[in-house]
Every structure is written in structure tokens, then in C-alpha cells.
Amino acid sequence: LNWKKVNVVKLAGQYPLVQNLTVTEGGTANMTCRVEYNDNTSLQWSNPAQQTLFFGDKKALRDNRIELVRASWSELIISIHDVTLSDEGMYTCSLFTMPVRTAKAYLTVLGVPEKPQIDGLTKPAIEGDHITLTCMTQGSKPAADLRWFRNEKEIKGAKEVNASGKTFTVRSSLQLHVGRNDDGVAYTCKVDHEALTQTPQQATEVLEVHYAPHVEVTPSLTVPQEGQYLKLECVSKGNPSPDPVMWTKDGGDLPDLDRMIVEGRELTFTSLNKTDNGTYRCEASNHLGTSSAEYVLYVYDPNAIGQHGTDHALIGGVVAVVVFVTLCLIIVLGRYLARHKGTYLTNEAKGADDAPDADTAIINAEGNHAHAEEKKEYFI
């Protein structure tokens, strides 16, 4: 019984063991075949065309890329250098027992995609143009994936895959409506593929966009005063750059070039006076158009807007409020006094109705007042 068990174990151990393998094109494939028990029986590796590569330690196929790594009673290891796509397929390891026992391993060869190319870029593009950027890569297996980036932000393109032999050609297109914000933007196409583990393939194109200028005038002072230094800057954005710019005053040339100095985009007043009042216009042009902006200059008298002008205005406001409150108090007090004076006269008149003289009238008034108090107490 034990002898039978040993034979069963040996029989199971005499089946060759192999593993599938994936190698990148141009790499090296190490094909390994092992057995646990072997009674001096030879191992053999054959290619997908059933051609013998090695029989034990003896090379059978003349291919300098194929070499023996190790040969023993328990394993046979061979290597295939500079692997090509044609090397892909099912390889067979045979153990020459009776009957012959075999095991099969599939060698997968990855096709490395070529560096992508971007087509369709016109230099320069004009603002408002519609352009199509196309990115293409060839030689991938399986088909590669293409990703677009606008600077660092990923954007979506339209992908197309075509088979060419054992490899694939992949294209991705990107539709753009070009604006001035696209000027100087880098559009990058990256290839994603399992064969590119360390050095990703990518291509980048920087978009140049020409557009008409836009102009603004910025002053160096908020409230320009006589005798001050003032600088007006003509901020013009355009591509090509609209240089130089042109300054005019009230539709004509600048009148005083001794005090008004033009340097590049800047108009400088060395010492302002009232004669400088007017509308100053800056104009910039390139081959796509012209743009202008105006600045109305009014030179203030420094004595009219002194340093404490704000404080005087505040004090004046406080005084006005105080005067108004005082008048209101006087009016209310006057009405109060007038009302009480009328009451006194009325009481005095009541006492004088039946009095022969003034003293009697006062006594009668006091009596009536007392009587009224008595009535008041009575009614209470």
C-alpha cells in the first residue's frame, strides 16, 4: 500500500509545471519548466510553431536570441532576448515519459506605443478661430489610451482606434474655439499604456493667439492738484503687442511738451496747472484692430481742498445739529409757558367777576381755587 502511494505521488510530481509570462517588446522572457520527480527523463521547450528550442541542455534552434539558463533533472530554464511581437504565443514544455507529459505557457508581448505627435496647430492662431488638434500614437498592443491636458487640467478629447497588424494606431482629437485666454496655453497629449511603467510618452504644443488690443488708462493720483507730479499709464493688452501708443488731448496734439513727457506707454506731467484740464486719449493698434481709452483731467486748487477740509465739514455738521436741537427746545418751552400763563389769567378773571376791587378779586380767586380743591377731594 505504501508503495502504491509513493508511485501516485511520483506520478503526480512528474507533470511539468510552467507559468504564463508577459514581456514588453524588446525585453527578455525567461521561460521556466519544473518537475518535482524525474527519473533522468529529458525536458524540452518548443515554440508556438512546435519547433524545439532546447532538448535538455542541447540547443535545437539556431536563434542567437535564445539561450540556456539552467538545465537539470528537475528544471529547464531558457531565455529569449530582444523579444518581438512575433514571439508571442503558446510555448510547450514536454517531459519525455511514457506517455509524454506536457504543459503550456502563453507568452504575451506588449507593443510599446511610439511618442505621440500633435497635428493641426496653426501658428499663430487668430482669436475666434475654430481649430482641431489631433494626437496620434502607433505601435501599441493592446491599444493605448490618450489623455489631453490644458496646462495642468485634464480635458476630454474624441478617441479613435485602428488595428494595423498586431498593433494599434490611436488618435484623439480636440476641438477648440480659440480666445485670447488661450494665448500661451500649453496643450499636452499623454499616452497611457501598461508597457510605459517608468517613462510616459507625451507631446506638448504651446498655442499662440493673435488678438486686437484692449486699452485702459490708470492715473497715479486720485485727486490731482496744482503743482503735483502726475503719471498716466496706458495699459494696453494685445498680440502682437501694440507698441507704441499715441496720446492726444481734446482730439489734438499735446500742447506743452516741456511739462508733458511721453515715455513708452506713460504720459507724465512734471507740474500740474489749470491749463492741463481736458480729456486725454490713449490709442493702441496692431494688425487686428485699434482700441482707445480716455481720462478726464481736472486739476484742483490745493487751497480749496485743504488738509482739514474734512474736519471743517464735520464740525459744521455738528454745529448745525446743535442749533436745530436748541431751536426745538426754545419752541417747546415757549409753548409750555404760554399755556400756563393763560391758566393764571383765567383764574384771575374768575375772581374778578364779582369783586369790587383788585384785593377782593385775588381773595375770591384763591377761594375758588380752594373750593376747587375741595371739590376735587370730594369727587375723589
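Entry 1, contacts and overall make-up. I looked up how far apart in sequence the contacting residues lie, a contact being heavy atoms within 4.5 Å, and among contacts between residues at least 6 apart in sequence, 60% join residues at least 24 apart. I note that this is a predicted model, in which local features need pLDDT of at least 70 and side-chain atom pairs count only at pLDDT 80 or more, while totals for chains, interfaces and linings use all residues. Residues are numbered from 1 along each chain as its sequence is written, and side-chain values use heavy atoms, with hydrogens and water left out.

Of the 380 residues, 32% are buried, where buried means under 20% relative accessible area, exposed over 50%, and partly exposed in between, with a 1.4 Å probe and protein chains only. The protein exposes about 23700 Å², of which carbon and sulfur atoms supply 54%, the areas coming from the Shrake-Rupley method with a 1.4 Å probe.

Entry 2, strand E12 and its partners. I followed strand E12 (residues 130–140), which runs antiparallel to strand E10 (residues 117–119) and is joined to E10 by three bridges; two strands pair if DSSP finds at least two bridges between them. Within this pairing I found Ile118 opposite Cys135 in E12. I also found E12 joined to strand E16 (residues 167–177) by nine bridges, again antiparallel, with Ser140 standing opposite Phe168 in E16.

I located Arg101 in strand E9 (residues 101–110), and Arg101 counts as buried because its relative accessibility is 10%. I looked for a partner of the Arg101 side chain and found a polar contact with the side chain of Thr97 at 2.8 Å; such a contact is a pair of N or O atoms within 3.5 Å, and within protein one must be able to donate a hydrogen and the other to accept it, residues adjacent in sequence counting only if both atoms are side-chain atoms.

I traced an open sheet of three strands in the order E21-E24-E25, with antiparallel pairing. The edge strands are E21 (246–249) and E25 (289–297), each of which pairs on one side only. I recorded that E21 and strand E24 (residues 278–286) pair in the antiparallel sense over four bridges, and that Thr248 stands opposite Arg281 in E24.
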